[in-house]
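Please look over the sequence and the model, then read the points below.

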Amino acid sequence: MSFQRSGRAQIIAVASGKGGVGKTNVSVNLAVALARAGGRVMLIDCDMGLANAAILMGIDATFTIGDLLAGRCTMDDLIRPGPGGISFVPGHSGTGSGSTLTHSERTRLIEALGPWLDDFDHVVIDTGSGIEASALALIAEADMPMIVVTPEPTSFIDAYALVKALAVAQGLQRFQVVANMVRHDIAGRELFDRFRGVVTRFLDLNLDYAGAIPDDPYVREAVLRKRCCLEAFPGSGASKAFGRIARRLARPDIQPVPAPAELRLMGEANGTY
Ligand SMILES: Nc1ncnc2c1ncn2[C@@H]1O[C@H](COP(=O)(O)OP(=O)(O)O)[C@@H](O)[C@H]1O
Ligand SMILES: [Mg+2]
(Lines give C-alpha, C1' and ligand atoms only; values in the text may rest on other atoms or scores of the structure.)
(Ligands and ions follow the chains in the order given, each with its own letter.)
Protein backbone atom coordinates (compact mmCIF):
# COMPACT_ATOMS: atom_id res chain seq x y z
CA MET A 1 0.00 0.00 0.00
CA SER A 2 1.45 3.35 -0.91
CA PHE A 3 0.27 6.84 -1.77
CA GLN A 4 -1.66 6.76 -5.06
CA ARG A 5 -2.02 10.12 -6.69
CA SER A 6 -2.36 11.60 -10.11
CA GLY A 7 -1.29 15.13 -9.19
CA ARG A 8 2.15 16.37 -8.37
CA ALA A 9 2.12 16.54 -4.57
CA GLN A 10 5.68 16.23 -3.34
CA ILE A 11 5.75 14.15 -0.15
CA ILE A 12 8.54 15.09 2.24
CA ALA A 13 9.14 12.89 5.33
CA VAL A 14 11.20 14.70 7.97
CA ALA A 15 13.18 12.08 9.90
CA SER A 16 16.14 11.54 12.21
CA GLY A 17 17.69 8.66 14.08
CA LYS A 18 17.81 10.51 17.37
CA GLY A 19 14.98 12.50 18.98
CA GLY A 20 15.29 16.12 19.99
CA VAL A 21 17.24 17.20 16.90
CA GLY A 22 14.49 19.53 15.64
CA LYS A 23 12.31 17.36 13.36
CA THR A 24 9.07 18.94 14.54
CA ASN A 25 10.41 22.48 14.33
CA VAL A 26 11.77 21.76 10.86
CA SER A 27 8.48 20.16 9.74
CA VAL A 28 6.28 23.01 10.97
CA ASN A 29 8.47 25.87 9.77
CA LEU A 30 9.29 24.21 6.47
CA ALA A 31 5.57 23.62 5.82
CA VAL A 32 4.78 27.28 6.54
CA ALA A 33 7.76 28.45 4.45
CA LEU A 34 6.61 26.30 1.51
CA ALA A 35 3.16 27.88 1.82
CA ARG A 36 4.75 31.34 1.85
CA ALA A 37 6.65 30.37 -1.31
CA GLY A 38 3.26 29.92 -2.97
CA GLY A 39 2.63 26.19 -2.47
CA ARG A 40 -0.50 24.47 -1.19
CA VAL A 41 0.79 22.58 1.82
CA MET A 42 -0.46 19.80 4.07
CA LEU A 43 1.43 19.03 7.30
CA ILE A 44 0.82 15.62 8.88
CA ASP A 45 1.98 14.82 12.40
CA CYS A 46 2.82 11.12 12.25
CA ASP A 47 4.85 10.98 15.46
CA MET A 48 2.57 8.66 17.43
CA GLY A 49 4.77 8.84 20.52
CA LEU A 50 5.19 12.59 21.00
CA ALA A 51 2.82 14.41 18.68
CA ASN A 52 4.13 17.94 19.21
CA ALA A 53 3.38 19.82 16.01
CA ALA A 54 -0.02 21.09 17.26
CA ILE A 55 1.66 22.52 20.37
CA LEU A 56 4.27 24.37 18.30
CA MET A 57 1.47 26.08 16.37
CA GLY A 58 -0.83 26.68 19.36
CA ILE A 59 -3.55 24.54 17.76
CA ASP A 60 -6.08 22.80 20.01
CA ALA A 61 -6.79 19.66 18.06
CA THR A 62 -10.35 18.40 18.45
CA PHE A 63 -9.56 15.14 16.69
CA THR A 64 -6.31 13.34 15.97
CA ILE A 65 -5.10 10.64 13.59
CA GLY A 66 -5.96 8.23 16.42
CA ASP A 67 -9.63 9.25 16.15
CA LEU A 68 -9.55 8.84 12.38
CA LEU A 69 -8.07 5.36 12.70
CA ALA A 70 -10.65 4.44 15.34
CA GLY A 71 -13.49 5.64 13.08
CA ARG A 72 -14.47 8.48 15.44
CA CYS A 73 -14.03 11.22 12.82
CA THR A 74 -13.63 11.83 9.12
CA MET A 75 -10.77 13.56 7.30
CA ASP A 76 -13.03 16.63 7.06
CA ASP A 77 -13.31 16.72 10.87
CA LEU A 78 -9.60 16.10 11.33
CA ILE A 79 -7.93 18.67 9.07
CA ARG A 80 -7.30 22.01 10.78
CA PRO A 81 -6.17 25.31 9.30
CA GLY A 82 -2.62 26.20 10.37
CA PRO A 83 -0.33 29.22 10.10
CA GLY A 84 0.33 30.56 6.61
CA GLY A 85 -2.78 28.78 5.31
CA ILE A 86 -1.40 25.25 5.65
CA SER A 87 -3.74 22.30 6.24
CA PHE A 88 -2.75 20.44 9.37
CA VAL A 89 -3.46 16.81 10.29
CA PRO A 90 -2.94 16.49 14.08
CA GLY A 91 -1.08 13.50 15.47
CA HIS A 92 -2.01 11.28 18.34
CA SER A 93 0.18 11.28 21.43
CA GLY A 94 0.90 8.86 24.17
CA THR A 95 -0.64 5.54 23.21
CA GLY A 96 2.44 4.02 24.77
CA SER A 97 2.60 1.66 21.82
CA GLY A 98 5.67 3.27 20.27
CA SER A 99 6.35 6.34 18.22
CA THR A 100 5.16 5.08 14.84
CA LEU A 101 2.09 3.71 13.14
CA THR A 102 1.63 -0.04 12.80
CA HIS A 103 1.42 -1.53 9.33
CA SER A 104 -2.40 -1.64 9.33
CA GLU A 105 -2.67 1.88 10.82
CA ARG A 106 -0.36 3.22 8.13
CA THR A 107 -2.37 1.49 5.38
CA ARG A 108 -5.63 2.96 6.68
CA LEU A 109 -4.16 6.45 7.04
CA ILE A 110 -2.80 6.36 3.51
CA GLU A 111 -6.17 5.19 2.20
CA ALA A 112 -7.91 8.07 3.97
CA LEU A 113 -5.36 10.63 2.76
CA GLY A 114 -5.28 9.42 -0.83
CA PRO A 115 -8.17 11.50 -2.23
CA TRP A 116 -6.84 14.64 -0.53
CA LEU A 117 -3.30 14.61 -1.80
CA ASP A 118 -4.02 15.95 -5.26
CA ASP A 119 -5.14 19.24 -3.72
CA PHE A 120 -1.61 19.94 -2.45
CA ASP A 121 1.78 20.76 -3.91
CA HIS A 122 3.72 19.64 -0.83
CA VAL A 123 2.86 17.19 1.94
CA VAL A 124 5.24 17.42 4.91
CA ILE A 125 5.24 14.47 7.33
CA ASP A 126 6.73 14.84 10.81
CA THR A 127 7.86 11.33 11.76
CA GLY A 128 8.82 9.67 15.04
CA SER A 129 12.45 9.04 15.92
CA GLY A 130 14.12 5.70 15.70
CA ILE A 131 14.88 3.00 13.18
CA GLU A 132 12.27 0.34 13.87
CA ALA A 133 10.64 -1.23 10.82
CA SER A 134 7.38 0.75 11.03
CA ALA A 135 9.28 4.07 11.15
CA LEU A 136 11.32 3.07 8.10
CA ALA A 137 8.21 2.00 6.19
CA LEU A 138 6.51 5.36 6.77
CA ILE A 139 9.58 7.31 5.61
CA ALA A 140 9.75 5.10 2.52
CA GLU A 141 6.27 6.31 1.51
CA ALA A 142 7.69 9.76 0.79
CA ASP A 143 9.18 11.06 -2.44
CA MET A 144 11.76 12.87 -0.41
CA PRO A 145 13.16 11.54 2.86
CA MET A 146 14.65 14.52 4.66
CA ILE A 147 17.17 13.64 7.37
CA VAL A 148 17.78 16.19 10.14
CA VAL A 149 21.32 16.15 11.54
CA THR A 150 22.87 18.33 14.26
CA PRO A 151 26.53 18.76 15.20
CA GLU A 152 26.13 16.39 18.17
CA PRO A 153 28.08 13.16 17.57
CA THR A 154 25.05 11.11 18.69
CA SER A 155 22.87 12.79 16.05
CA PHE A 156 25.52 12.15 13.38
CA ILE A 157 25.90 8.45 14.25
CA ASP A 158 22.14 7.88 14.58
CA ALA A 159 21.46 9.65 11.25
CA TYR A 160 23.99 7.30 9.65
CA ALA A 161 22.20 4.30 11.21
CA LEU A 162 18.86 5.60 9.88
CA VAL A 163 20.11 6.21 6.34
CA LYS A 164 21.72 2.76 6.29
CA ALA A 165 18.56 1.09 7.60
CA LEU A 166 16.41 2.92 5.00
CA ALA A 167 18.78 1.82 2.25
CA VAL A 168 18.96 -1.80 3.38
CA ALA A 169 15.35 -2.39 4.49
CA GLN A 170 13.52 -0.10 2.07
CA GLY A 171 15.91 0.29 -0.86
CA LEU A 172 15.97 4.10 -0.62
CA GLN A 173 18.87 5.67 -2.48
CA ARG A 174 18.38 9.41 -2.35
CA PHE A 175 18.16 11.62 0.73
CA GLN A 176 17.91 15.30 1.51
CA VAL A 177 19.94 16.37 4.53
CA VAL A 178 19.21 19.40 6.72
CA ALA A 179 21.95 20.57 9.11
CA ASN A 180 20.09 21.94 12.13
CA MET A 181 21.35 23.93 15.13
CA VAL A 182 24.65 24.85 13.49
CA ARG A 183 26.70 27.93 14.31
CA HIS A 184 26.60 29.32 10.76
CA ASP A 185 26.11 28.31 7.13
CA ILE A 186 29.69 27.17 6.64
CA ALA A 187 29.49 24.89 9.70
CA GLY A 188 26.27 23.43 8.23
CA ARG A 189 27.91 22.71 4.90
CA GLU A 190 30.93 21.18 6.61
CA LEU A 191 28.66 18.97 8.74
CA PHE A 192 26.89 17.81 5.56
CA ASP A 193 30.19 17.16 3.75
CA ARG A 194 31.44 15.11 6.68
CA PHE A 195 28.18 13.15 6.83
CA ARG A 196 28.18 12.49 3.10
CA GLY A 197 31.84 11.47 3.31
CA VAL A 198 31.11 8.82 5.93
CA VAL A 199 27.92 7.57 4.23
CA THR A 200 29.39 7.26 0.75
CA ARG A 201 32.51 5.55 2.06
CA PHE A 202 30.34 2.58 3.04
CA LEU A 203 27.11 2.92 1.04
CA ASP A 204 26.31 3.70 -2.59
CA LEU A 205 23.78 6.49 -1.92
CA ASN A 206 22.98 10.00 -3.10
CA LEU A 207 22.80 12.71 -0.47
CA ASP A 208 21.62 16.23 -1.37
CA TYR A 209 22.25 19.18 0.89
CA ALA A 210 18.95 20.93 1.62
CA GLY A 211 20.63 23.63 3.70
CA ALA A 212 21.44 24.74 7.23
CA ILE A 213 19.32 26.14 10.08
CA PRO A 214 21.30 28.13 12.66
CA ASP A 215 21.08 27.41 16.36
CA ASP A 216 18.79 30.35 17.03
CA PRO A 217 17.31 31.44 20.38
CA TYR A 218 14.25 32.71 18.47
CA VAL A 219 13.34 29.08 17.68
CA ARG A 220 13.25 28.29 21.41
CA GLU A 221 11.34 31.50 22.17
CA ALA A 222 8.77 30.63 19.50
CA VAL A 223 8.33 27.17 21.10
CA LEU A 224 7.69 28.85 24.48
CA ARG A 225 5.07 31.07 22.84
CA LYS A 226 3.48 28.10 21.02
CA ARG A 227 3.94 29.90 17.70
CA CYS A 228 5.88 28.77 14.69
CA CYS A 229 9.15 30.68 14.41
CA LEU A 230 8.45 31.78 10.86
CA GLU A 231 5.31 33.61 12.00
CA ALA A 232 6.49 34.89 15.37
CA PHE A 233 9.97 35.97 14.24
CA PRO A 234 10.04 36.22 10.45
CA GLY A 235 13.27 38.21 10.49
CA SER A 236 15.22 35.69 12.60
CA GLY A 237 18.14 33.77 11.13
CA ALA A 238 16.28 30.47 11.45
CA SER A 239 13.16 31.80 9.68
CA LYS A 240 15.24 33.13 6.79
CA ALA A 241 17.00 29.77 6.55
CA PHE A 242 13.66 27.93 6.42
CA GLY A 243 12.59 30.30 3.64
CA ARG A 244 15.73 29.56 1.62
CA ILE A 245 15.28 25.78 2.00
CA ALA A 246 11.61 26.02 1.00
CA ARG A 247 12.38 28.08 -2.10
CA ARG A 248 15.02 25.57 -3.14
CA LEU A 249 12.61 22.64 -2.66
CA ALA A 250 9.83 24.45 -4.50
CA ARG A 251 12.18 25.23 -7.40
CA PRO A 252 14.77 22.44 -7.49
CA ASP A 253 16.13 23.77 -10.78
CA ILE A 254 17.61 26.85 -9.11
CA GLN A 255 20.09 27.83 -6.44
CA PRO A 256 22.27 24.86 -5.58
CA VAL A 257 23.76 25.42 -2.12
CA PRO A 258 27.28 26.82 -2.56
CA ALA A 259 30.20 24.74 -1.28
CA PRO A 260 32.15 26.26 1.69
CA ALA A 261 34.92 27.59 -0.53
CA GLU A 262 32.41 29.48 -2.68
CA LEU A 263 30.65 30.78 0.43
CA ARG A 264 33.94 32.11 1.76
CA LEU A 265 34.64 33.83 -1.55
CA MET A 266 31.15 35.34 -1.52
CA GLY A 267 31.71 36.48 2.06
CA GLU A 268 35.05 38.00 1.20
CA ALA A 269 33.46 39.79 -1.73
CA ASN A 270 30.81 41.47 0.40
CA GLY A 271 32.73 41.60 3.65
CA THR A 272 30.50 39.25 5.65
CA TYR A 273 33.14 36.79 6.79
N1 LIG B 1 17.45 25.70 14.96
C2 LIG B 1 17.21 25.63 16.28
N3 LIG B 1 17.72 26.57 17.14
C4 LIG B 1 17.51 26.49 18.46
N5 LIG B 1 16.80 25.53 19.05
C6 LIG B 1 16.25 24.57 18.28
C7 LIG B 1 16.43 24.56 16.86
N8 LIG B 1 15.77 23.49 16.36
C9 LIG B 1 15.21 22.85 17.42
N10 LIG B 1 15.49 23.50 18.57
C11 LIG B 1 15.07 23.10 19.93
O12 LIG B 1 15.32 21.72 20.10
C13 LIG B 1 14.28 21.10 20.83
C14 LIG B 1 13.80 19.86 20.12
O15 LIG B 1 13.16 20.22 18.91
P16 LIG B 1 12.02 19.31 18.25
O17 LIG B 1 11.64 19.96 16.96
O18 LIG B 1 10.93 19.05 19.23
O19 LIG B 1 12.84 17.96 17.99
P20 LIG B 1 12.33 16.50 17.54
O21 LIG B 1 11.01 16.67 16.87
O22 LIG B 1 13.39 15.99 16.61
O23 LIG B 1 12.26 15.67 18.78
C24 LIG B 1 13.19 22.14 21.00
O25 LIG B 1 13.16 22.54 22.34
C26 LIG B 1 13.58 23.29 20.10
O27 LIG B 1 13.30 24.52 20.69
MG1 LIG C 1 9.13 15.83 17.25
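Cys-228 is buried, with a relative accessible area of 4%. The model is a predicted one.

**Cysteines**
- The closest cysteine sulfur to that of Cys-228 belongs to Cys-229, and because 7.4 Å lies between the two, they are too far apart for a bond.
- A disulfide requires two cysteine sulfur atoms within 2.5 Å, and by this rule the count comes to 0 disulfides.
- Cys-46 also counts as buried, at 2% relative accessibility.

**Helix 7**
- Helix 7 covers residues 153-170, which makes 18 residues.
- From its first C-alpha to its last, helix 7 reaches 25 Å, close to the 26 Å expected at 1.5 Å a residue.
- The buried residues of helix 7 are Ser-155, Phe-156, Ala-159, Tyr-160, Leu-162, Val-163, Ala-165, Leu-166 and Ala-167.
- The cover over these buried residues includes three strands, namely strand 1 (10-15), strand 6 (144-149) and strand 7 (174-182).
- Helix 6 (133-140) and helix 8 (185-202) are also included in that cover.

**Strands 7 and 8**
- Strand 7 pairs with strand 8 (residues 206-214) in the parallel sense, over 7 bridges.
- The chain passes from strand 7 through helix 8 to strand 8, and this β-α-β crossover is right-handed.
- Within the pairing, Ala-179 stands opposite Ala-212 of strand 8.

Methods: Residues are numbered from 1 along each chain as its sequence is written. Chains are lettered from A and ligands numbered from 1 in the order in which they are written. This is a predicted model: local features need pLDDT of at least 70, side-chain atom pairs count only at pLDDT 80 or more; totals for chains, interfaces and linings use all residues. Side-chain values use heavy atoms; hydrogens and water are left out. Helices (H or I, at least four residues) and strands (E, at least two) are DSSP runs, numbered from the N terminus. The expected span of a helix is 1.5 Å times one less than its number of residues. Buried means under 20% relative accessible area, exposed over 50%, partly exposed in between (1.4 Å probe, protein chains only). Contact means heavy atoms within 4.5 Å. Two strands pair if DSSP finds at least two bridges between them. A crossover is right-handed if, with the strands pointing away from the viewer, the path from the first strand over the helix to the second runs clockwise.
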